[in-house]
Amino acid sequence: MTDNAWLTVPAPAKLNLFLHITGRRPDGYHNLQTLFQFLDYGDELSFRTRNDGQLTLSPDIEDVPFEDNLIIRAARLLQDRTTKTCGADIELNKRLPMGGGLGGGSSDAATTLLALNHLWQLNLSLDELAEIGLSLGADVPVFVRGEAAFAEGVGEVLTPVPELEEPWFLVVCPQVHVNTAKIFSHEGLTRNTEIINIRTALRQGGRNDCQQVVTMLYPEIGKALNLLNKFSFAKMTGTGACIFSSFGSETEARQVSDQLPAEYVAFVAKGTNLSKTHKVLFRPS
Ligand SMILES: C[C@@](CO)(OP(=O)(O)O)[C@H](O)COP(=O)(O)OP(=O)(O)OC[C@H]1O[C@@H](n2ccc(N)nc2=O)[C@H](O)[C@@H]1O
Ligand SMILES: Nc1ncnc2c1ncn2[C@@H]1O[C@H](COP(=O)(O)OP(=O)(O)O)[C@@H](O)[C@H]1O
């Protein structure tokens, strides 16, 4: 029932270079101001179209039922806009830790939307795909649009920032799973950071307002921050658990990585202002 060659597309990680919480909405969600940049490291998905309307995914992600997987949820939302015959076999090479603040699930969803829109020839615009993506998660639109961005609202009001420096990052992934809902509902969370404009944001940078509560609830993350801070200023991405430091070169980042205790899970990657998904799908060299 297959009729096509495989198309392999990256699903890169993101970092929140800073994350400010500026208020709480009546529905309980929080307004943020955050700066997203991509990494040249992430998951990889391969797609092959089928003409029987079936979706398959291999391998499964442990503890994530098939229909709950953001890849399948994204594909189903696109199937709603197709004829009954559009299907796909999907292979997932999962490299990003889950619930690490690197946006792996959101990136997988965005890559699925972009790749299947292309393969099924749906011709949906990036605006339409970003809107579909937002129904899956607040971080999906930035991956759909593929440009480093200053984000407001719950993360969906995006202003591209193509001029950001693209340093090397050392990302350390403490082996704990942070519960995002628990962080956002914590009474000790800072929720009133002053709203800044984009020029101030780019000039001054900022902090991660979740970090204090997260390190209190998950001491392993505080421990990793203390250790990395001995080499270079370290910060948390998203609601954690991963933390990062930036460096002027890959060599410097690797030198620090080599000095971490063996039990630390870490990787070195370059920051990129254009996501690798877009490079592969829209600007192949
Ligand atoms: C805060 C960020 C920054 O990138 O964290 P990471 O997920 O990357 O760590 C994201 O915007 C996370 O967005 P998203 O991934 O969609 O959040 P979810 O897991 O759906 O959120 C779980 C719960 O956290 C709360 N929540 C989430 C986002 C937000 N802006 N305000 C909230 O109050 C809500 O109670 C929600 O039900
Ligand atoms: N394809 C997927 N990859 C990762 N997580 C997924 C996926 N589909 C569903 N999930 C669920 O989404 C949660 C958040 O995943 P992830 O995006 O990796 O974390 P974060 O938002 O902290 O970066 C996971 O704990 C998992 O339950």
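**Entry 1: ligand 2**

I count Ala, Val, Leu, Ile, Met, Phe, Trp, Tyr, Cys and Pro as nonpolar, Asp, Glu, Lys and Arg as charged, and the others, Gly among them, as polar. With that rule I sorted the residues of the shell around ligand 2 and got 6 nonpolar, 9 polar and 2 charged. I note here that the model is predicted.

How many residues surround ligand 2? I find 17, and the closest are Leu-70, Gly-99, Gly-104, Gly-105 and Asp-108. Two elements give two or more residues to this shell, namely helix H1 (70-79) and H2. Which element gives the most to the shell around ligand 2? That is H2, with 4 residues.

**Entry 2: helices H1 and H2**

In general, two packed helices are described by the angle between their axes and the distance between the axes. For H1 and H2, the axes come within 8 Å and cross at roughly 35 degrees. The crossing of H1 and H2 is right-handed.

On the H1 side, I list Leu-70, Ile-71, Arg-73, Ala-74, Ala-75 and Leu-78. In H2 these meet Gly-105, Asp-108, Ala-109, Thr-112, Leu-113, Leu-116 and Asn-117. Sorted by kind, the residues of the contact of H1 with H2 are 8 nonpolar, 3 polar and 2 charged.

**Entry 3: helices H2 and H3**

Next I took H2 (residues 104-119) with helix H3 (residues 126-134), whose axes come within 10 Å and cross at roughly 140 degrees. The crossing of H2 and H3 is right-handed.

From H2, the contact uses Ala-109, Ala-110, Leu-113, Leu-114 and Asn-117. H3 brings Leu-129, Ile-132 and Gly-133. I sorted these residues too: 6 are nonpolar, 2 are polar and none is charged.

In the loop between H2 and H3 I checked Gln-121. Gln-121 has a positive phi of about 55 degrees although it is not a glycine.

**Entry 4: ligand 1**

Which residues are closest to ligand 1? They are His-30, Gly-137, Ala-138, Phe-184 and Gly-238, out of 18 that surround ligand 1. Strand E1 (7-24), strand E2 (30-50) and helix H5 (180-184) each supply at least two residues of the shell. H5 gives the most to the shell around ligand 1, with 3 residues. By kind, I sorted the shell into 7 nonpolar, 10 polar and 1 charged.

**Entry 5: records from UniProt**

I looked up what UniProt says, in an unreviewed entry. The annotation "active site" there covers Lys-14 and Asp-139. These two are spread over 126 residues of sequence but cluster in space, with a largest C-alpha distance of 9.3 Å. Lys-14 lies in strand E1, one of the elements that supply the shell around ligand 1.

The unreviewed entry also lists residues 197-265 as "domain: GHMP kinase C-terminal". Over residues 197-265, I note 51% helix and 10% strand, with the end C-alpha atoms 36 Å apart.

**Entry 6: cis peptide bonds**

Where did I find cis peptide bonds? One runs from Ser-58 to Pro-59, with omega near -10 degrees. Pro-59 is in the loop between strand E3 (55-58) and H1. Another cis bond runs from Gly-240 to Ala-241, with omega near 15 degrees. Ala-241 is in the loop between strand E8 (235-236) and strand E9 (243-247).

How values were computed: Residues are numbered from 1 along each chain as its sequence is written. Chains are lettered from A and ligands numbered from 1 in the order in which they are written. This is a predicted model: local features need pLDDT of at least 70, side-chain atom pairs count only at pLDDT 80 or more; totals for chains, interfaces and linings use all residues. Axes are lines fitted to C-alpha atoms, for helices over the stretch in contact, and angles run from 0 to 180 degrees between N-to-C directions. A crossing is left-handed if the near helix is turned anticlockwise from the far one by less than a right angle, and right-handed if clockwise. Two residues are in contact if their C-beta atoms, placed from the backbone, lie within 7 Å. A residue is near a molecule or strand if its C-beta atom, placed from the backbone, lies within 6 Å of it. UniProt positions are given in the numbering used here, feature names are shortened, and annotations may be inferred rather than shown by experiment.
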